[in-house]
Amino acid sequence: MADLSIAVRHIGDVAVILPTGFINAHTVREFEEALEGQVQQGRYKILLNCKDLNYISSAGLGAIMGLIETVRENDGDILLSNLQENVFAIFDTLGFTQLYRVFGEEDQALAAVAPERKV
Amino acid sequence: MAAKVDHAQFRLVIPSQTRYLNLVTGLAKRASLVAGLDDATAAKVSIAVDEAVTNVILHAYHGEGEHSVELELRFTEKALEIHIWHSGQGIRSDQLVLPDPKEYIKHPRKGGLGLLLMSRFMDEVQFKADAVSGRNECCLIKKIS
């Protein structure tokens, strides 16, 4: 199994990114490209559904951090959902849960970022 | 009568390449469970080891993949110790400045979080230089409560 695979779905103007596996210094470029690809397409509402993300190191946090200003300057945001316990611990330990909106389920995040959409 | 063995240890040497990170963090997690730590703590130890080994590969060796990183896991009654040795550019504990998470959130930027994660997830993080061998060491300690 590859260390990381990434699936992307578009729901309205929201890009839902589902990373599966591990985001570390070895795989972070693939993760960065997935994020940057959405921004280059003009999609500034990005939801990271982390249900299959086993862990994320500071390299992955840096990739998210590197884009947050760009998406917010364009009336978008990066949201997080379905965090496993250890992934939540990483975000929470660094205070990132104050910087990003975190939701238990994907539908809750979609309702928050695209309230006109019926879930 | 044989001497009483009060600890166990073993070593692993990997090339300085990020492709082996997953192998090392998997080992660190399993070792943590063997040492008696719970699942959540084991996950934190594995992240700390990921950060420490990544620092060695990317910063001490500047991303050069032909060097070696040596890890030693020591199991004692009171703690799991993970020692990481390398021959690249070293840092000392007194040279470290950890980012303030509150300031970091106010002024987001890439980088600088690895050391913070290591210090938050482990009970002790030490950086040492061995003048005789010329090698540098990062020592991560997690106490077993």
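**Strands, helices and the contact between chains**

Guide: Chain B holds an open sheet of five strands in the order 1-2-3-5-4, with antiparallel pairing; two strands pair if DSSP finds at least two bridges between them. Helices (H or I, at least four residues) and strands (E, at least two) are DSSP runs, numbered from the N terminus.

Visitor: Before we go on, what am I looking at, and how is it numbered?
Guide: This is a predicted model, in which local features need pLDDT of at least 70 and side-chain atom pairs count only at pLDDT 80 or more, while totals for chains, interfaces and linings use all residues. Residues are numbered from 1 along each chain as its sequence is written, and chains are lettered from A and ligands numbered from 1 in the order in which they are written.

Visitor: How many bridges pair strand 3 and strand 5 of chain B?
Guide: Eight, in the antiparallel sense, between residues 79-86 and residues 136-143. As an example, His86(B) has Asn136(B) of strand 5 as its bridge partner.

Visitor: Staying in chain B, how do helix 1 and helix 2 cross?
Guide: The axes of helix 1 (residues 21-35) and helix 2 of chain B come within 8 Å and cross at roughly 145 degrees. The crossing is right-handed; the rule is that a crossing is left-handed if the near helix is turned anticlockwise from the far one by less than a right angle, and right-handed if clockwise.

Visitor: And what kinds of residues make that contact?
Guide: By class, nine nonpolar, five polar and two charged residues. Ala, Val, Leu, Ile, Met, Phe, Trp, Tyr, Cys and Pro count as nonpolar, Asp, Glu, Lys and Arg as charged, and the others, Gly among them, as polar.

Visitor: Let's switch to chain A. How do strand 1 and strand 2 run, parallel or antiparallel?
Guide: Antiparallel: eight bridges join strand 1 (residues 4-11) to strand 2 (residues 14-23) of chain A. Arg9(A) stands opposite Val16(A) of strand 2. The hairpin of these strands has two residues between them, and Gly12(A) takes a positive phi near 65 degrees there.

Visitor: What else does strand 2 of chain A pair with?
Guide: Strand 3 (residues 45-49) of chain A pairs with strand 2 in the parallel sense over four bridges, and Val16(A) stands opposite Leu47(A) there. Three bridges also join strand 2 to strand 4 (residues 53-56) of chain A, again parallel, with Ile23(A) and Ile56(A) as bridge partners.

Visitor: Which helix goes with strand 2 and strand 3 of chain A in a β-α-β unit?
Guide: Helix 1 of chain A, and the unit is right-handed: with the strands pointing away from the viewer, the path from the first strand over the helix to the second runs clockwise.

Visitor: How does helix 1 of chain A sit against helix 2 of chain A?
Guide: Their axes, for residues 28-40 and residues 58-73, come within 9 Å and cross at roughly 15 degrees. That makes the two helices of chain A roughly parallel, since angles under 35 degrees count as roughly parallel, over 145 as roughly antiparallel, 65 to 115 as roughly perpendicular and the rest as oblique. The contact has eight nonpolar, two polar and one charged residues.

Visitor: New topic: how many residues does each chain give to the contact between A and B?
Guide: Chain A gives 24 residues and chain B gives 24 residues, where contact means that C-beta atoms, placed from the backbone, lie within 7 Å. The largest share of chain A's side, eight residues, comes from helix 2 of chain A. That side divides into eleven nonpolar, ten polar and three charged residues.

Visitor: Where does helix 3 of chain A come in?
Guide: The axes of helix 3 of chain A and helix 2 (residues 39-60) of chain B come within 10 Å and cross at roughly 60 degrees, and these helices are therefore oblique to each other. Among the residues making this contact are Ala89(A) and Ile90(A) on helix 3 of chain A, and Ala43(B) and Ile47(B) on helix 2 of chain B.

Note on methods:
Axes fitted to C-alpha atoms, helices over the stretch in contact; angles between N-to-C directions. Contact = placed C-beta atoms within 7 Å.
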